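Reader: Could you walk me through how to read a sheet in a structure like this one? I would like the general idea and then the case here.

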Amino acid sequence: MAALLRHTGCVALQLAVRQSGMTRKAPGLRFSLSAAALAASGNKNSFPVVFPQQELRKRLTPMQYHVTQERGTERAFTGGFADHKEKGTYTCVVCDAPLFQSDTKFDSGSGWPSFFDLIKEESVTVTDDFSYGMHRLETSCSQCGSHLGHLFDDGPPPTGKRYCINSASLAFHKQGAAGGTKGGRGG
Ligand SMILES: [Zn+2]
């Protein structure tokens, strides 16, 4: 399957798209490595922050590990943040990079936390995902490479985007409070 995908040139296509929007140094090299690595082995060494897998297995719940490191998906309506409405910031559960603000969260009815925008465009990396016989856009944390969820184009205005994110990939920092809450339980 991986070999077949490589032959379709999907990585090259994605690079062309990425390069038009990104001006970082050698973006082609970086994205080609990360896309190939993610598809092939889950190796995340091309991301700026790398955590030893052993540490992550201890620190994360099994569901958080499965979703972020093995590109898993929690069952709909089981994650701690699907219905979460507090004001604050959602961060990557692995590296704590800020990803989403509560005021861009909306009720999509999907059973997964859904956001129509990012805090910073570059905080999430979007790559092609051809698993399960579908073409979807996978979203990953740009800092540590953790799998977050998928991006769809059926979101509400003003962006029309729907970032469909696993609760298990997220931590939450309540507005004006120190410390965070992790949403990976219940999956
Ligand atoms: Zn991260």
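Reader: Which residue in β6 is the bridge partner of V124?

Author: Welcome! This is a predicted model, where local features need pLDDT of at least 70, side-chain atom pairs count only at pLDDT 80 or more, and totals for chains, interfaces and linings use all residues. Residues are numbered from 1 along each chain as its sequence is written. Strands (E, at least two residues) are DSSP runs, numbered from the N terminus, and two strands pair if DSSP finds at least two bridges between them. Here, the partner of V124 in β6 is C141. Strand β6 covers residues 136-141 and pairs with β5 in the antiparallel sense over six bridges.

Reader: What lies between β5 and β6 in their hairpin?

Author: Six residues lie between them, and Y132 in that turn has a positive phi of about 60°.

Reader: And how many bridges link β6 to β7?

Author: Four bridges, again antiparallel, with β7 spanning residues 147-152. Look for S140, which stands opposite H147 in β7. The hairpin of β6 and β7 has five residues between the strands, and G145 takes a positive phi near 85°.

Reader: What is the strand order of the whole sheet?

Author: The open sheet has six strands in the order β3-β4-β8-β7-β6-β5, with antiparallel pairing. Its edge strands, β3 (105-106) and β5 (124-129), each pair on one side only.

Reader: Where does β4 meet β8, and over how many bridges?

Author: Strand β4 (residues 114-115) pairs with β8 (residues 162-165) over two antiparallel bridges. There, F115 stands opposite Y163 in β8.
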